[in-house]
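Please open the model in your viewer and keep the selection panel at hand.

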Amino acid sequence: MGKTIAIHDLRRGRAPAGASVLAPGADRLDTFARPLRDLRISVTDRCNFRCSYCMPKEVFDSRHVFLPHAELLSFEEITRLARLFADAGVRKLRLTGGEPLLRKNIEHLVALLAALRTPDGRPLDITLTTNGSLLARKAAALKAAGLGRLTVSLDAIDDAVFRRMNDVGFAVEDVLGGIDAALAAGFGPVKVNMVVKKGTNDDQVVPLARALHARYGNAAVLRFIEFMDVGSTNGWRLDDVLPSRAVLERLREIGPLTALPASAAGETAQRWRFDATGQEIGLVSSVTQAFCGDCNRARLSTDGQLYLCLFATHGHDLRALLRGGAEDRAIAGAIDQLWAARDDRYSALRTAATPGVDAGPAQAGERRVEMHYIGG
Ligand code: SAM
Ligand code: SF4
Ligand code: SF4
């Protein structure tokens, strides 16, 4: 067992430095016996889109101060942490943001991460989530650097609706051009994330499924994500959520579907397949069906704070350890201790509190962390 950490240390966000007591490769379990498997790394807090559900224009305007470059973890710092997380059980790395392709030379980071190995000598599963705006330019370099898989976000097939959603007038066809380039570079199948917001783009569920199948066959896997109450700036209301079961009902207009088994423990999407065409879709029901029970995800913010839940109000400062000259053993010990004390299960608690428009258990005066800062 790891040492107990004083709770005030966790709250205040100082990462406890301490020697690792667990061998690399041994399972680290949190207080609900969930292992650590998935690390999401935000490489920039900037974005060239202003999706209303993530970075609303009114809040993230010209007065908003983004992190200065010196605050960002360098590629070497990210890689060092990723290596220690791999020793602690992480098997999957997801690069995200903000818009990760805005980070200069992101393919160099991918190459550094692709060279890492698990304690039993296997490469990590490296994925990246992007809004697709720069993908046509970057896809081949990302593939050559060793990126394994790609997720592209696309909230509508109707150009006017999409331009309204991204709020910077970006065209659907340019995102599709990015997906084309990704498939041509050898990625596939590409996952496509659609955040469904009732009354805004829910009329796009069926048309987007049809259009992607027409263009890509089964090389694009569309995933419908319930609009989440992440952060404190997106004006979330329960009324704006179209539950996944309603999305599924609408998809039945296209034809019958059959449920598929989960492909991995801790998977966020329920998978379904159209009987007639074999087209696969996913439903991410973070609001109506919490999946905290086997949540094995940790998140590293752009400036090196470790968040143990998407809805956390505090991170733990790993950058201070890195820049304070801590040895690997001390940083590994901090990761072990933080994970061992993890008791987050925000969505499950929120589900228990629904019905009712409940902004959840963030304490009065505390702000939940924003999505673009720790990534999706
Ligand atoms: N900029 C990239 C993109 O949009 O793909 C990567 C970062 S973005 C924060 C990661 C994912 O989170 C995207 O698929 C986005 O649609 C999703 N997302 C952002 N805010 C959300 C919210 N409030 N509810 C549900 N999903 C959200
Ligand atoms: Fe940018 Fe992605 Fe957030 Fe949209 S969802 S504002 S593309 S970070
Ligand atoms: Fe994991 Fe937190 Fe989301 Fe639950 S609410 S699934 S613990 S990130």
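Begin by selecting Pro189, which lies in the loop between α6 (172–184) and β5; helices (H or I, at least four residues) and strands (E, at least two) are DSSP runs, numbered from the N terminus. The peptide bond that joins Gly188 to Pro189 is cis, and its omega is near -15 degrees. Most peptide bonds are trans, and most residues other than glycine have a negative phi.

Before moving on, note that this is a predicted model, in which local features need pLDDT of at least 70 and side-chain atom pairs count only at pLDDT 80 or more, while totals for chains, interfaces and linings use all residues. Residues are numbered from 1 along each chain as its sequence is written, chains are lettered from A and ligands numbered from 1 in the order in which they are written, and side-chain values use heavy atoms, with hydrogens and water left out.

**Two positive phi angles**

Select Ala33 in the loop between α1 (7–12) and β1 (38–42). Its phi is near 65 degrees, a positive value in a residue other than glycine. Next, go to Asn105, located in the loop between β2 (92–96) and α3 (106–114). Asn105 is not a glycine, yet its phi is positive, at about 55 degrees. With a relative accessible area of 34%, Asn105 is partly exposed (buried means under 20% relative accessible area, exposed over 50%, partly exposed in between; 1.4 Å probe, protein chains only).

**Ligand 1**

Select ligand 1 and the 20 residues around it, of which Tyr53, Gly98, Ser153, Val195 and Met228 come nearest; a residue is near a molecule if one of its heavy atoms lies within 4 Å of it. The strands β3 (125–130), β5 (190–196) and β6 (220–226) each supply at least two residues of this shell around ligand 1. By class, the shell around ligand 1 holds eight nonpolar, ten polar and two charged residues. Here Ala, Val, Leu, Ile, Met, Phe, Trp, Tyr, Cys and Pro count as nonpolar, Asp, Glu, Lys and Arg as charged, and the others, Gly among them, as polar.

A polar backbone atom of Gly98 is 2.9 Å from a nitrogen atom of ligand 1, and for Met228 the corresponding distance is 2.9 Å. Taken alone, ligand 1 exposes 540 Å², of which the protein buries 95%; accessible areas come from the Shrake-Rupley method with a 1.4 Å probe.

**Ligand 2**

Move to ligand 2, which is surrounded by Cys47, Phe49, Cys51, Tyr53, Cys54, Met55, Gly98 and Asn131. This shell comprises six nonpolar, two polar and no charged residues.

Ligand 3 has 13 residues around it, the closest being Cys292, Cys295, Cys309, Leu310 and Ser347. Both β10 and α11 supply at least two residues of the shell around ligand 3. That shell has seven nonpolar, one polar and five charged residues.

Now select helix α11 (residues 346–353), whose buried residues are Tyr346, Ser347 and Arg350. Viewed down the axis of α11, these fall within an arc of 90 degrees, so they line one face of the helix; the arc is that of the directions from the helix axis to the C-beta atoms.

Finish at Ser286, in the loop between β9 (280–284) and β10 (297–300). Ser286 counts as buried, at 3% relative accessibility. Not counting residues up to four places away in sequence, Ser286 touches Glu226, Met228, Phe291, Ser347 and Arg350, where contact means heavy atoms within 4.5 Å.

Terms used. Polar contact = N/O pair within 3.5 Å; in protein donor to acceptor, adjacent residues only side chain to side chain.
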